[in-house]
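User: I have a model open and want to work through its packing. Can we take it question by question?

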Amino acid sequence: MTDTLPPDDFERRLIIATQAGLPLVPRPYDALAEELGVDAALVKTRLAAMLQGGRIRRIGAVPNHYALGYTANGMSVWDVDDAHIGELGEAVGHLDFVTHCYERPRALPDWPYNLFAMVHGRDRDTVLAHVEEIAALLGDACRARDVLFSTAILKKTGLRIGGDG
């Protein structure tokens, strides 16, 4: 369930303080608390309430896979039978080499794919071998597929709110 009330002043300040990421220090909630002039317990409690209420979607680490040596990054795309996409998508998403997996509507006639699974590897051959594992898992429910390899790093950000007002 999502809250419909606008954020109060403290939540707004907390969102602004965290929207570019948590401080990269051993105790990030303590650093936020100091910046906001409150106790760290309040920061944790309010973030948890904002997650529970749907004001924020997640708190998590976003590693730089290139810096970790994973320079081959392939978005595998699949045309999967709609009758099986839920169960198969969940199975693909649980593979340890898939970092994210989701269903999207097809854009026919040019784009028949409805299941997307990101695979990172140290080289293209590794990614392609993992894609073959996904293909084996999907079996006859898969009608077509492709792999789109990244050519550049793009900065991903969510919605940003301003600090004034």
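User: At what angle do helix α4 and helix α5 pack, and how far apart are their axes?

Analyst: This is a predicted model, where local features need pLDDT of at least 70, side-chain atom pairs count only at pLDDT 80 or more, and totals for chains, interfaces and linings use all residues. Residues are numbered from 1 along each chain as its sequence is written, and side-chain values use heavy atoms, with hydrogens and water left out. Axes are lines fitted to C-alpha atoms, for helices over the stretch in contact, and angles run from 0 to 180 degrees between N-to-C directions. For α4 (residues 85-93) and α5 (residues 124-138), the angle is about 150° and the axes are 10 Å apart.

User: Which orientation does that give α4 relative to α5?

Analyst: Angles under 35 degrees count as roughly parallel, over 145 as roughly antiparallel, 65 to 115 as roughly perpendicular and the rest as oblique. The angle here is about 150°. So α4 is roughly antiparallel to α5.

User: Which residues of α4 and α5 meet, and what is their make-up by class?

Analyst: Contact means heavy atoms within 4.5 Å. Leu88, Ala91 and Val92 in α4 meet Ile134, Leu137 and Leu138 in α5. For classes, Ala, Val, Leu, Ile, Met, Phe, Trp, Tyr, Cys and Pro count as nonpolar, Asp, Glu, Lys and Arg as charged, and the others, Gly among them, as polar. The contact of α4 with α5 has no polar and no charged residues, but six nonpolar.

User: How is α1 oriented relative to α3?

Analyst: Their axes are 11 Å apart, at an angle of about 90°. That makes α1, relative to α3, roughly perpendicular.

User: How many charged residues does the contact of α1 with α3 have?

Analyst: From α1, Phe10, Glu11, Leu14 and Ile15 meet Leu42, Val43, Arg46, Leu47 and Met50 in α3. By class, this contact of α1 with α3 has seven nonpolar and no polar residues; the charged residues number two.

User: Is the crossing of α1 and α2 parallel, antiparallel, perpendicular or oblique?

Analyst: The axes of α1 and α2 come within 11 Å and cross at roughly 125°. Phe10, Arg13, Leu14, Ala17 and Thr18 in α1 meet Leu32, Glu35 and Leu36 in α2. The two helices, α1 and α2, are therefore oblique.

User: Why do the buried residues of α2 line one face of the helix?

Analyst: Buried means under 20% relative accessible area, exposed over 50%, partly exposed in between (1.4 Å probe, protein chains only). In α2 (residues 28-36), the buried residues are Pro28, Leu32, Ala33 and Leu36. They line one face because, seen down the axis of α2, they fall within an arc (of the directions from the helix axis to the C-beta atoms) of 140°.

User: What covers the buried residues of α2?

Analyst: α2 runs over residues 28-36. The cover for its buried residues includes α1 (9-18) and α3 (40-53).

User: Is Ser76 buried or exposed?

Analyst: Ser76 sits in strand β1. Contacts of Ser76, leaving aside neighbours within four places in sequence, include Val131 and Ile134. At 0% relative accessibility, Ser76 counts as buried.

User: How far apart are the C-alpha atoms of Ser76 and Ile134?

Analyst: Along the chain, Ser76 and Ile134 are 58 residues apart. Their C-alpha atoms are separated by 9.0 Å.

User: Is Asp79 buried or exposed?

Analyst: Asp79 lies in strand β1 (residues 72-80). Not counting residues up to four places away in sequence, Asp79 touches several residues, among them Arg106 and Arg143. At 9% relative accessibility, Asp79 is buried.

User: Which residues does His130 contact beyond its neighbours within four places in sequence?

Analyst: His130 lies in helix α5. At 18% relative accessibility, His130 counts as buried. Its contacts, neighbours within four places in sequence aside, are Phe97 and Val119.

User: Where is there a cis peptide bond?

Analyst: Most residues other than glycine have a negative phi, and most peptide bonds are trans. Pro109 is in the loop between β2 (98-103) and β3 (115-121). With omega about 10°, the cis bond joins Leu108 and Pro109.

Technical notes: Helices (H or I, at least four residues) and strands (E, at least two) are DSSP runs, numbered from the N terminus.
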